[in-house]
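Please open the model in a viewer, with the sequence panel beside it.

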Amino acid sequence: MTNQSTQAPNRNLSLGTLRPQAKLKDKSPDATGKIYIKRDLLLRLYQELNQSDGDGVLAYLAGWTKEGSDGKYMTVQLSTKYERPEYRNDSPFFAFR
């Protein structure tokens, strides 16, 4: 029997949440939370790390402020750099121009 708290949520993106926290010390974070990282994103970041000479890899964050029954929070998304898809003139979409 699988413990539900360890099951991966069914998500299409690597998303997490940050919620405000009481500061116990000056250097305590203003917010804490969790993020679910999709396997494909983790593999892409790992591949980028292996192809570089550095000891780290650059990932990107996006955030949205929301409000729920527990108060305000921020949804965050972890991703690699967004690359716009290239549009080709020979695609079926352009056949109707």
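Begin by selecting Lys23, which is partly exposed at a relative accessible area of 41%; buried means under 20%, exposed over 50% and partly exposed in between, with a 1.4 Å probe and protein chains only. The model is predicted, so local features need pLDDT of at least 70 and side-chain atom pairs count only at pLDDT 80 or more, while totals for chains, interfaces and linings use all residues. Residues are numbered from 1 along each chain as its sequence is written, and side-chain values use heavy atoms, with hydrogens and water left out.

The term denotes a side-chain nitrogen of Lys or Arg within 4 Å of a carboxyl oxygen of Asp or Glu. Asp30 counts as exposed, at 55% relative accessibility. Side chains of opposite charge can pair when their charged atoms come close.

The structure holds two salt bridges. For the other, select Asp40 and Arg44, whose side chains meet at 3.8 Å, N to O. These residues lie four apart in helix α1, which means that about one helical turn separates them. Asp40 is partly exposed at 43% relative accessibility, and Arg44 is partly exposed at 37%.

Next, colour the chain by secondary structure. Helices (H or I, at least four residues) and strands (E, at least two) are DSSP runs, numbered from the N terminus.

Leu18 has Gly33 in β2 as its bridge partner. Then move to β3 (residues 60-68) and β4 (residues 71-79), an antiparallel pair with nine bridges. These strands form a hairpin with two residues between them, and Ala62 is bridged to Gln77 in β4.

Stay in strand β4 and select Thr75. Is this residue buried or exposed? Thr75 counts as buried, at 11% relative accessibility. Beyond its neighbours within four places in sequence, Thr75 is in contact (heavy atoms within 4.5 Å) with residues including Leu15, Thr17, Ala62 and Trp64.

Finally, select Ile35, Ile37 and Leu42, a nonpolar surface patch with about 240 Å² of accessible area together. Patches are made of residues with over 30% relative accessible area and no salt bridge: like charges are joined within 9 Å, nonpolar side chains (Val, Leu, Ile, Met, Phe, Trp, Tyr) within 5 Å. Accessible areas come from the Shrake-Rupley method with a 1.4 Å probe; for residues, only the protein chains shown count as cover. Ile37 sits in the loop between β2 (31-35) and α1 (39-51) and is partly exposed at 34% relative accessibility.

Methods:
Pairing = 2+ DSSP bridges.
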